Amino acid sequence: MDGNGDGIGDFEGLTQCLDYISGLGITCIWLQPFYPTPNQDDGYDVMDFYSVDPRLGTLGDFVEFIRYARERGLRVIIDLVVNHTSIQHPWFQAARTDKHSKYRDFYVWADEKPADAEEGMIFPGVQKSTWTYDEQAEAYYFHRFYEYQPDLNITNPAVREEIYKIMGFWLELGVSGFRIDAAPFLVELKGIKDTGDIKDPYLYLKEIRNLLSWRRGDAILLAEANVSMEDVSNYFGDGDKMHMLFHFVANQGIMLALARSQANPIVEALKAAPGIPEIGQWAHFIRNHDELSLDKLTAAQRDEIAAQFAPDKEKMWVYDRGIRRRLPPLLNNDERRIKLTYSLMLTLPGTPVLRYGEEIGMGDDLSLKERNSTRTPMQWSSEKNGGFSTAAPEKLVRPVITTGEYGYKQLNVVAQRRDPMSLLNWMERAIRTRKDCPEFGWGKWQLIETENKSVFAHRCEWNKSVVVAIHNLADEACTVKLDLGESDAEYLIDLLSDRQYQPIVGSSYTVELQGYGYRWLRVGGGLGIRKK
Ligand code: NOJ
């Protein structure tokens with residue numbers, strides 16, 4: 001939301017939206033980078049870690065925002081983008097102009113272009129290399145991401161000191177933790193000539209965890225680590241590194257399950273994950289601000305998904321691995337499937353993460369380049385610019401979606417608030433119900449076998465309390481028998497479902513489901529609210 005009418009969303013506007021966000025039932029806001037930036041990668045190219053980009057407000061506005069959020073019981077976590085800086089960061093400017101500057105060693109240099117310079121690009125097809133020659137520095141610098149994002153040298157104690165200071169600074173200003181951007185690359189030592197006495201780079205994650213916990217005991221670290229399941233323990237440690245990781249493998253499993261109308265890919269993805277420390281949590285998401293990466297699947301599985309969800313590969317596919325669309329267009333705006341997908345996200349063991357606009361089913365704009373297609377302004381109302389800004393439309397950083405079924409005139413918050421059947425009202429209800437069911441988040445999960453390949457059924461138990469969720473990934477209605485193994489469960493209470501169903505009585509637990517139907521059930525009766 002743009003608070004001052006210049007066409008750019010800002011802290012003033014965001015602060016005005018806090019009642020909406022808390023009304024939805026959100027408990028924590030993840031703020032993407034808001035630091036001063038040349039904005040070549042939507043703020044993931046930081047020029048100053050200790051400030052707010054003037055286009056978005058001031059530090060004063062930030063603190064006001066934090067205060068308003070706190071008053072509404074909302075926590076705030078922020079992006080910690082310290083794998084790299086912007087090329088325009090004063091550290092890089094000093095490093096490139098003076099070989100003897102103390103900032104030279106903040107970055108990763110080579111006199112000759114390394115032989116593997118054309119390997120390991122994060123944005124293949126767009127990014128040409130991971131090493132670029134800098135005329136001023138008379139050397140090559142390493143960059144995992146775009147060439148305007150030089151990697152920091154994490155083995156340099158002075159860099160580590162700076163990262164602690166950055167974390168400490170924002171913790172003092174009231175944030176409840178960080179999303180660690182590009183965590184696997186932050187700890188990698190690639191390209192660094194002298195790695196000193198660092199034997200295990202993952203120990204750095206423990207160091208930042210220690211700092212965080214000393215400074216603020218209830219703060220968390222949520223890592224963006226799209227890694228294989230064998231690598232996961234490097235990030236969670238023994239409960240002494242990251243608190244949370246995004247579950248990229250489950251995300252990709254959900255997509256395959258949706259494409260095949262079969263439950264198995266979800267089961268396999270969940271089972272592939274190792275046991276994690278009790279204090280650890282998975283973060284489940286459907287879409288984020290990046291491409292829908294399918295990198296953890298096989299080439300054949302990727303093709304299977306692309307054939308359905310990105311039929312026009314030229315337009316919809318990016319970086320050889322993912323889809324640059326939001327969810328509703330993938331599912332032909334079929335509301336049954338959209339709700340089914342979010343119902344899955346909300347019931348998988350872990351913490352659900354929702355991105356702005358998902359709650360109203362926003363679409364994408366494929367005319368925008370790369371990942372910008374899914375980064376269009378929030379559609380608040382049918383007013384000019386979707387109520388996002390009072391500026392002239394051409395002043396907006398990115399155009400609002402105006403045409404078609406996803407256009408702001410019909411698809412917006414105000415319209416959906418009025419409509420009791422809207423996705424927004426469904427989402428609010430689903431989030432409220434999810435909060436009544438801590439078992440889904442914290443419990444031990446178990447698969448419930450059914451004989452139907454399209455049905456994913458699981459039970460979660462926490463503090464002797466049990467909930468069950470059943471999802472039908474196929475278009476055809478079905479009836480399944482659940483073997484709950486609960487001798488004392490007199491009946492199952494429907495908590496949330498795609499429609500009114502007959503109550504389940506008796507001990508055979510025969511459960512009906514419509515096509516793309518879902519049911520959340522509490523075992524054992526009562527009010528359906530967890531008993532102490
Ligand atoms: C991961 C972020 O999600 C992405 O948007 C960004 O481009 C890279 N990290 C680089 O910071």
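Student: Why does F92 count as buried?

Tutor: The relative accessibility of F92 is 0%. Buried means under 20% relative accessible area, exposed means over 50%, and partly exposed covers what lies in between (1.4 Å probe, protein chains only). At 0%, F92 therefore counts as buried. A word on the source: this is a predicted model, where local features need pLDDT of at least 70 and side-chain atom pairs count only at pLDDT 80 or more, while totals for chains, interfaces and linings use all residues. Residues are numbered from 1 along each chain as its sequence is written, and side-chain values use heavy atoms, with hydrogens and water left out.

Student: What makes F92 and Y141 an edge-to-face pair?

Tutor: A search of the whole structure finds 38 aromatic pairs. Rings of Phe, Tyr and Trp (its six-membered ring) pair if their centres lie within 6.5 Å; planes under 30 degrees apart are stacked, over 60 edge-to-face, and the rest tilted. For F92 and Y141 the centres are 5.2 Å apart and the planes stand at 70°, so this is an edge-to-face pair. The pair links distant parts of the chain, with F92 in helix α4 (residues 90-97) and Y141 in strand β5 (residues 139-142), 49 residues apart. Helices (H or I, at least four residues) and strands (E, at least two) are DSSP runs, numbered from the N terminus. Y141 is buried too, with a relative accessible area of 2%.

Student: Why are F169 and W170 called edge-to-face?

Tutor: Their ring centres are 4.9 Å apart and the planes meet at 85°, so the pair is edge-to-face. The burial of the two partners reads as follows: W170 is buried at 0%, and F169 is partly exposed at 26%. Ring pairs also link F169 and W170 into a cluster whose members include F11, F34, Y35 and W91.

Student: How do you know that R104 lies over the face of W109?

Tutor: A charge sits over a ring if NZ of Lys or CZ of Arg is within 6 Å of the ring centre and within 35 degrees of the ring normal. R104 lies over the face of W109 at 4.4 Å from the ring centre.

Student: What makes the link between Q281 and T351 a polar contact?

Tutor: A polar contact is a pair of N or O atoms within 3.5 Å; within protein, one must be able to donate a hydrogen and the other to accept it, and residues adjacent in sequence count only if both atoms are side-chain atoms. The side chains of Q281 and T351 are joined by such a contact at 3.2 Å. Q281 lies in strand β9 (residues 281-285) and is buried, with a relative accessible area of 13%. Contact in the wider sense means heavy atoms within 4.5 Å. Leaving aside neighbours within four places in sequence, Q281 is in contact with residues including F236, H243 and W442.

Student: Why is S293 called buried?

Tutor: S293 is buried because its relative accessible area is 9%. It is placed in strand β10 (residues 292-293), and its side chain makes a polar contact of 3.1 Å with the side chain of D295.

Student: How do you know that the span of helix α9 agrees with what it should be?

Tutor: The expected span of a helix is 1.5 Å times one less than its number of residues. Helix α9 (residues 248-260) has 13 residues and should span 18 Å; its end C-alpha atoms are 18 Å apart, which agrees.

Student: Why is α9 described as largely enclosed?

Tutor: Twelve of the 13 residues of α9 are buried, so the rest of the structure largely encloses this helix. Among them are F248, N251, Q252 and L256. Just after α9, S261 takes a positive phi of about 55°.
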